[in-house]
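User: I would like to learn how to read the features of a structure one at a time. Could we start once the model is on screen?

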Amino acid sequence: MVSGPISGPIGVSSGGGGGGGGGGANGSSGGCCHMSLKWRWEQQHRLFSSGFVFFLGCFVLFGSFATLYAWFAFNPYASSSVSSLGCQEDNEGSWSVGVVFGDSPFSLKPIETVNVWKDETAAWPVANPVVTCASVSDGGFPSNFVADPFLHVKGDTYYLFYETKNSITMQGDIGVAKSTDKGATWQPLGIALDEEWHLSYPYVFEYLGQTYMMPEGSAKGDLRLYRAVKFPLQWTLEKVIVKKPLVDSFIIEYNGIYWLFGSDHSGFGTKKNGQLEIWYSSSPLGPWNPHRKNPIYNVDKSVGARNGGRPFFYDGHLYRVGQDCGETYGKRVRVFRVDVLSKDEYKEVEVPLGLVEPSKGRNAWNGARYHHLDVQQLSTGKWIGVMDGDRVPSGDSVRRFILGCTSVAVAVLLIVLLGVLLGAVKCLVPLNWCTYNSGKRSDALLAWERSYFFSSKVRRFCSRLNRATSYLRCRVKLNTCAGRVILGLIFAVGVIVMCTGVKYIYGGSGAEEAYTWEGQYSQFTMLTMTYDARLWNLKLYVKHYSRCSSVREIVVVWNKGIPPKESDFDSKVPVKIRIEKQNSLNNRFRIDSIETKAVLELDDDIMMSCDDIERGFKVWRQHPDRIVGFYPRLVNGNPLKYRGESYARTHKGYNMILTGAAFMDNQVAFKRYWSEEASKGREVVDKFFNCEDVLMNFLYANASSSKTVEYVRPAWAIDTSKLSGAAISRNTQVHYQIRSNCLVKFSEMYGKLARHKWEFDGRKDGWDV
């Protein structure tokens, strides 16, 4: 009886103990599993954190190098050619319009080479392009680019019709501008035609006393003819002449029949930009009948099948202008002489146009492509043409963005590789993505994984990828010289590709464009003085500056030794070697037959960006009566002492600009320097073999009571004479002492410069800080 009650509790206790033991075993197992999972989670979290910190630190480091690169390489000044209303970067390009002249349509030259506008302003010679997105936008019509120009001449007034891409609607409209000075300047008049669909290629012609326009509107699915109600801004739809989406079409009368040329890219099997059709009629108003051999072309896009402007007659022959779209859309125009044109036959043969190909690359307004030409004969017998051009190929902005993102992605991969080799990154993908993960997964999840073969493959791949990190660490021994070299190379390549990515994404098109003044471009001549010991400097100088947009010619004043030949230089502009009989610094300003009003005197050992000298040229065009340059000096005190730029900045002003890097009016400056008044000053220059730039500043100051100098701060400048060991002024102290003596002598001859002082940051452009 005692045992019953006792055994019961013992049995229960045993059972409970057994159960408890069993439960304890399970509980221990569950506790271990829980602790194991927790330990794994902490380890993985810690590894992830260290890897993330390493990645972030390296990315910031690479980004710092890229930022430093951008600070040195990118233009810190915004181009003035960009209007606040328009000229936004566009994937279709940055097209603009230029004017060409010639004695025939096969001897055309750009407007700057014929000096069409010789007057007293600083805009001589006028240079292409003459109509841009900026000039149109500044006229109140926001535009990203202007292209497809067609000329319509009425007496002495020239009208220019063109496609303009609206910066707000991103749609092509037809704009019109007017010139009353033989094409030198153009006044935007407004939008001549604006439909709900894209318009371009405004082919304008006259028929029976009426003026018609046939723009491309292929997005509408047909070809329409408009008639001028009030020329040039008001037009009305005359009729739909062809119910096909023809692009870049024109109408020409030939042998008493009207011919319509155009391309239809909508058909099955049509080769885009390689197709051409011809239609004929007894009237421009139709009806139109297809040519028996349509399509005339359905070939490679480089052949020139797509029309590229107005056809023209010359010496009894009809010529068609086509566009070569081989390398990129609208790469160049090609001209074809039409030998046979009938209702049943068509034959043409390509002939050379004679246009000089642009050679300055993206620094030229048409350096990448030109795809349209309209050339017409004037009443004088001369020929005038309008053409468009672009400095970047089609799709350039998207291409640069893709390349930039790809470069940054490569840099990220290299950072991960560095982390793997250094042990900061233990695994490339999270462990729970991999197979054989010992973490707790439900039966349902296991069944799902087995049923999905792709999931299993992905997990197996992730596992192998993680094992690759161990393999790499085993193969690359960081404590060896080879291992350190590999790490250094990976780091260096990572920095380079990161800088490349930043360049492509934020660096723009890479063009160093010219700056306009009052809506116009111009050109200048560069002049430098040197001798045989500095030939290396000179070759580098010519190669660099000849590619700047506004440089027309480079004149080399050769003072001593055997002169080089023009063929010795890698130049994109003519190089003229002027050999002097006497080695004198006065030769720098000798009167010469320079074709431009502006001349940039720039020493052969000074290297700066094309953008810097383009900015200096713009400031000079605003102040052509002044010396505009890049190295300011302040002359004051008693006794007079020559000091460097730091002294001018300390005293917050300048009154002299060194002419070793300065713009001036060659007709004014050179005559002034070789005047009788300057004869004694030139003797001082020959005596000291120094101070010719100081003398020029005194002559300018003596000729005017107003400001005679302007400063432009360069983004950077390099003295290449330090690289070649051919510096003229090696001893700075002696050099400064000689120039101090010059200051005293010139002050006695021409009066003091110290009475003038001009403050830095005095202009609104912010370029004189």
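Predicted model: local features only at pLDDT ≥ 70, side-chain atom pairs only at ≥ 80, totals over all residues.

**Disulfides and their surroundings**

Analyst: The torsion about the S-S bond of C691 and C742 is about 85 degrees, so this disulfide is right-handed. Residues are numbered from 1 along each chain as its sequence is written, and side-chain values use heavy atoms, with hydrogens and water left out.

User: What is a disulfide, and how many disulfides does a search of the whole structure find?

Analyst: A disulfide is a covalent bond between the sulfur atoms of two cysteines. The cut-off used here is a pair of cysteine sulfur atoms within 2.5 Å. The search of the whole structure finds 3 disulfides. With the bonded cysteines numbered in sequence order, the pairing is 1-2, 3-4, 5-6.

User: Which cysteine does a disulfide join to C87?

Analyst: C87 is joined to C133, with 2.1 Å from S to S. C87 lies in the loop between helix 1 (3-73) and strand 1 (96-102) and C133 in helix 3 (residues 133-138), so the pair ties together parts that are 46 residues apart in sequence. The link of C87 and C133 is right-handed, with 115 degrees about the S-S bond.

User: What is the torsion about the S-S bond of C548 and C610?

Analyst: That torsion is about -75 degrees, so the disulfide is left-handed. C548 lies in the loop between helix 8 (535-545) and strand 25 (551-558) and C610 in helix 9 (residues 610-622), so this pair ties together parts that are 62 residues apart in sequence. The sulfur atoms of C548 and C610 are 2.0 Å apart.

User: Is C87 buried or exposed?

Analyst: Burial is read from relative accessible area: buried means under 20%, exposed over 50%, partly exposed in between (1.4 Å probe, protein chains only). C87 is buried, with a relative accessible area of 12%, and C133 counts as buried at 15%. C548 and C610 are buried, and so are C691 and C742. C481 counts as exposed at 59% relative accessibility, whereas C499 is buried at 13%.

User: What is the nearest side chain of opposite charge to E112?

Analyst: Lys and Arg count as positive and Asp and Glu as negative; His and the chain ends are not counted. A salt bridge is a side-chain nitrogen of Lys or Arg within 4 Å of a carboxyl oxygen of Asp or Glu. For E112 the nearest side chain of opposite charge is R552, 7.3 Å away. E112 is buried yet has no salt bridge. E112 is found in helix 2 (residues 111-114).

User: How many bridges join strand 8 to strand 9?

Analyst: Two strands pair if DSSP finds at least two bridges between them. Strand 8 is joined to strand 9 (residues 210-216) by 6 bridges, and the two run antiparallel. The bridge partner of F205 in strand 9 is Y212. The hairpin of strand 8 and strand 9 has 2 residues between the strands, and L208 there takes a positive phi near 55 degrees. In strand 8 (residues 200-207), 7 of the 8 residues are buried.

Terms used. Helix = DSSP H or I, 4+ residues; strand = E, 2+ residues; numbered from the N terminus.
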